[in-house]
Amino acid sequence: MLRKILLVISVLVVTVLLFSYFSKNKTIHKDYIFKGESSHWIGEYVFKGTEKWKEKNKRTTLSSESRYTLAIKYKGDLSELASVKNLSYFYQTSLGSGSGETLEFDESPNQILFTISGGGTTTMNKDEVIEVTVKWDSFEESFELRSTGK
């Protein structure tokens, strides 16, 4: 009987110690896809981030890293962009903003998909709303990207 009690106590102690260790040293993955569209453009923002929480010398630290890709695609045919001379796009999140290069075309564009990617040490939440603006010649459209829940 004493042996069973000691076994139960040992299992409880090990469980508490493991729980304590893993609750202080954990990694959280934040992988989200945001989508949206306007009359002429479809956008997708893919975010992959990692938060690493560690406890050392009774101090909790956080380190994080992230990667993102913003892709915008013209909804029409490539031939509809034939006369476009300038194209630019940018985005805004609660964490900051970014933009693709301003494209100037001497000849007709040869693509309808434009991307920008990057990374850093910030993370975002899946309830984020990303504002995207696309300008091409004298036209401009803005739209929101929202999480698809993935």
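Author: Buried here means under 20% relative accessible area. In this predicted model, buried residues make up 30% of the chain's 150 residues.

Reader: Okay, and what makes up the secondary structure of the chain?

Author: There is 1 helix and there are 9 strands. Along the sequence the pattern reads α-β-β-β-β-β-β-β-β-β. Among contacts between residues at least 6 apart in sequence, 62% join residues at least 24 apart.

Reader: Let's pick a residue. Why is Tyr45 called buried?

Author: Its relative accessible area is 4%. The cut-off is under 20%, so Tyr45 counts as buried.

Reader: What makes Tyr45 and Tyr68 an aromatic pair, and what kind of pair is it?

Author: Ring centres have to lie within 6.5 Å, and for Tyr45 and Tyr68 the figure is 5.4 Å centre to centre. For the kind, planes under 30 degrees apart count as stacked. The planes of Tyr45 and Tyr68 are 5° apart, and the pair is stacked. Tyr45 sits in strand β2 and Tyr68 in strand β3, so the pair ties together parts that are 23 residues apart in sequence.

Reader: How many aromatic pairs does the count come to, and which residues do ring pairs link into a cluster?

Author: The count comes to 10 aromatic pairs. The cluster linked by ring pairs holds Tyr32, Phe34, Tyr45, Phe47, Tyr68 and Tyr91. Leaving aside neighbours within four places in sequence, Tyr45 is in contact with residues including Tyr32, Phe34, Tyr68 and Tyr91. Others on that contact list include Leu70, Met124, Ile130 and Leu145.

Reader: Where does Tyr45 turn up in the largest nonpolar core?

Author: That core has 25 residues, and Tyr45 is one of those that touch the most other members, along with Trp41, Leu70, Leu87, Val132 and Val134. The elements that give two or more residues to this core are β1, β2, β3, β4, β7, β8 and β9.

Reader: What about the largest pocket: what is its volume, and which residues lie nearest its centre?

Author: The volume is about 160 Å³. Of the 13 lining residues, Tyr45, Tyr68, Tyr91, Thr93 and Thr122 lie nearest the centre. β2, β3 and β7 are the elements that give two or more residues to the lining.

Reader: Back to β2. Is Glu51 buried or exposed, and why?

Author: Buried. Glu51, in strand β2 (residues 41-56), has a relative accessible area of 9%, and under 20% is what the word requires. Not counting residues up to four places away in sequence, Glu51 touches Lys26, Thr27, Ile28, Lys30, Leu62, Ser63, Ser64 and Thr123.

Reader: How do you know which residue's side chain makes a polar contact with the side chain of Glu51?

Author: From the distance, for a start: the limit is within 3.5 Å. The side chains of Glu51 and Trp53 are joined by a polar contact of 3.4 Å.

Reader: Last one. Why is Thr102 called exposed?

Author: Exposed means over 50%. Thr102 has a relative accessible area of 53%, so Thr102 counts as exposed. Thr102 belongs to the loop between β5 and β6. Apart from neighbours within four places in sequence, Thr102 is in contact with Leu87 and Ser88. Thr102 and Leu87 are 15 residues apart in sequence, and their C-alpha atoms are 5.9 Å apart in space.

Terms used
Residues are numbered from 1 along each chain as its sequence is written. This is a predicted model: local features need pLDDT of at least 70, side-chain atom pairs count only at pLDDT 80 or more; totals for chains, interfaces and linings use all residues. Side-chain values use heavy atoms; hydrogens and water are left out. Helices (H or I, at least four residues) and strands (E, at least two) are DSSP runs, numbered from the N terminus. Buried means under 20% relative accessible area, exposed over 50%, partly exposed in between (1.4 Å probe, protein chains only). A polar contact is a pair of N or O atoms within 3.5 Å; within protein, one must be able to donate a hydrogen and the other to accept it, and residues adjacent in sequence count only if both atoms are side-chain atoms. Contact means heavy atoms within 4.5 Å. A nonpolar core is a set of buried Ala, Val, Leu, Ile, Met, Phe, Trp, Tyr and Cys residues joined through side-chain atoms within 4.5 Å. Rings of Phe, Tyr and Trp (its six-membered ring) pair if their centres lie within 6.5 Å; planes under 30 degrees apart count as stacked, over 60 as edge-to-face and the rest as tilted. On a 1 Å grid over the protein atoms alone, a cavity is a set of points where a 1.4 Å probe fits but cannot get out, and a pocket is an open set with protein on both sides within 12 Å along at least five of seven lines; lining residues have an atom within 4 Å of a point. Grid points are joined across faces, edges and corners, and a volume is the space filled by probe spheres set on the points.
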